[in-house]
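Here's a quick walk through this protein, meant to be read with the model open beside you. We'll start with the overall contacts and then work through the parts.

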Amino acid sequence: MKKRKRLLLLLGTVLLAVVLAGCGTAPITAESTGFWDRYIVLNFSRVIIWLSDLFGGSYGLGIIVFTLIIRIILLPLMHGQTKSTRKMSELQPQLKALQATYSSKDAETQSKLKEETSKLYSEAGVNPAAGCLPLLIQMPVLMGLYQSISRTEALSTGNFLWMNLGKPDPMFILPVLAAILTYATTKLSSMSQAESNATTTSMMYMMPALILFMGITLPSALSLYWVVGNAFSVGQTLLLNNPFKIRKEREEKLQAERERQRALEKALNPKKKKKKK
């Protein structure tokens, strides 16, 4: 049920992105009204243009710096999500044991399963919903960026490298790179988990495919945002949640546990000393 809810949340988020992308087509100005247009889209546009002016009028560099600022602001939340995901992975054996213990489908048993599961989460300091929060927060940022570019003439007609920021990348370089980095981010995160699961595996391929499709059809500025944001995520993962280090520590812990068990068995079953002739 939990996996199904996560997939439904992903589909709902995608639907929200499609709906918001189609909302509002009029040029954004200081006279624009409404909370979304006046306080989100307009200010995103102003910040990007201001950052661009700091870098010689390059709107592409303005978007890159804007993306980095957003990712730095979200860093504590993203790091918390990573830690929560890791803890959830480590709890999988205990969760499976609870599911085996309370396998009956009657209401009383299922209620007891929920109670024990909540107790386990509480004792471990894990919030199952924490993994979805960064995604929900980033979606308004993404849609605000999309509309600030498409509805601001200076940004929608601006150029960066070989691209017009208001149009799809004609060479598909950024969409492909964004998809690769999305895959790398998910892959690195999954490597730190004690056990793989079907949801993580499906997300590892679904998200890059979705990013590739949207990158090909939407303004290249969004692909630029995804490339920079996911490159930041890869670096963040390697620095703060390095899966290679986590795997090594986990293997060392298992090895220490095996040695402890062998020592215990040896102590409980000492070998008989051979008699001297």
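Take the contacts in the protein (heavy atoms within 4.5 Å) between residues at least 6 apart in sequence: 72% of them join residues at least 24 apart. Keep in mind that this is a predicted model, where local features need pLDDT of at least 70, side-chain atom pairs count only at pLDDT 80 or more, and totals for chains, interfaces and linings use all residues. Residues are numbered from 1 along each chain as its sequence is written, and side-chain values use heavy atoms, with hydrogens and water left out.

**Overall layout**

- The protein has eleven helices and two strands; helices (H or I, at least four residues) and strands (E, at least two) are DSSP runs, numbered from the N terminus.
- Reading from the N terminus, the order is α-α-α-α-α-α-α-β-β-α-α-α-α.
- Of the 277 residues in the protein, 37% are buried; buried here means under 20% relative accessible area, exposed means over 50%, and partly exposed is in between (1.4 Å probe, protein chains only).
- The accessible surface is about 16700 Å², and 64% of it belongs to carbon and sulfur atoms. Those areas come from the Shrake-Rupley method with a 1.4 Å probe, and for residues only the protein chains shown count as cover.

**The nonpolar cores**

- A nonpolar core is a set of buried Ala, Val, Leu, Ile, Met, Phe, Trp, Tyr and Cys residues joined through side-chain atoms within 4.5 Å.
- The largest one has 36 residues, and the members touching the most other members are I63, F66, L142, L145, L222, Y225 and W226.
- Helix 2, helix 3, helix 6 (133–150), helix 8, helix 9 (198–217) and helix 10 (220–240) each put in at least two residues of this core. Helix 10 gives the largest share, eight residues.
- Setting aside residues up to four places away in sequence, L222 touches L142, L145 and Y146.
- There's also a second, separate core of nine residues, with L91, L113, L120 and V126 among them.

**Helix 8**

**The salt bridge**

- The count comes to one salt bridge, meaning a side-chain nitrogen of Lys or Arg within 4 Å of a carboxyl oxygen of Asp or Glu.
- The partners are D37 and R151, with their closest N and O atoms 2.9 Å apart.
- D37 sits in helix 2 and R151 in the loop between helix 6 and helix 7 (153–156), so the pair ties together parts 114 residues apart in sequence.
- R151 counts as buried, because its relative accessibility is 5%.

**A nonpolar surface patch**

- W50, L54, F55 and L61 make a nonpolar patch on the surface, with about 420 Å² of accessible area together. Patches are made of residues with over 30% relative accessible area and no salt bridge; like charges are joined within 9 Å, and nonpolar side chains (Val, Leu, Ile, Met, Phe, Trp, Tyr) within 5 Å.
- F55 is in the loop between helix 2 (35–54) and helix 3 (59–90). With 41% relative accessibility, F55 counts as partly exposed.

**Around S220**

- S220 is in helix 10 and is buried, with a relative accessible area of 0%.
- Leaving aside neighbours within four places in sequence, S220 is in contact with M163, N164, L165, K167, P168, D169 and L174.
- The C-alpha atoms of S220 and N164 are 7.1 Å apart, though the two are 56 residues apart along the chain.

**Positive phi angles**

- L161, in the loop between strand 1 (159–160) and strand 2 (163–164), has phi near 55 degrees, a positive value in a residue other than glycine. L161 counts as exposed, at 63% relative accessibility.
- F172 has phi near 60 degrees, again positive in a residue other than glycine. F172 lies in the loop between strand 2 and helix 8, and at 41% relative accessibility F172 counts as partly exposed.
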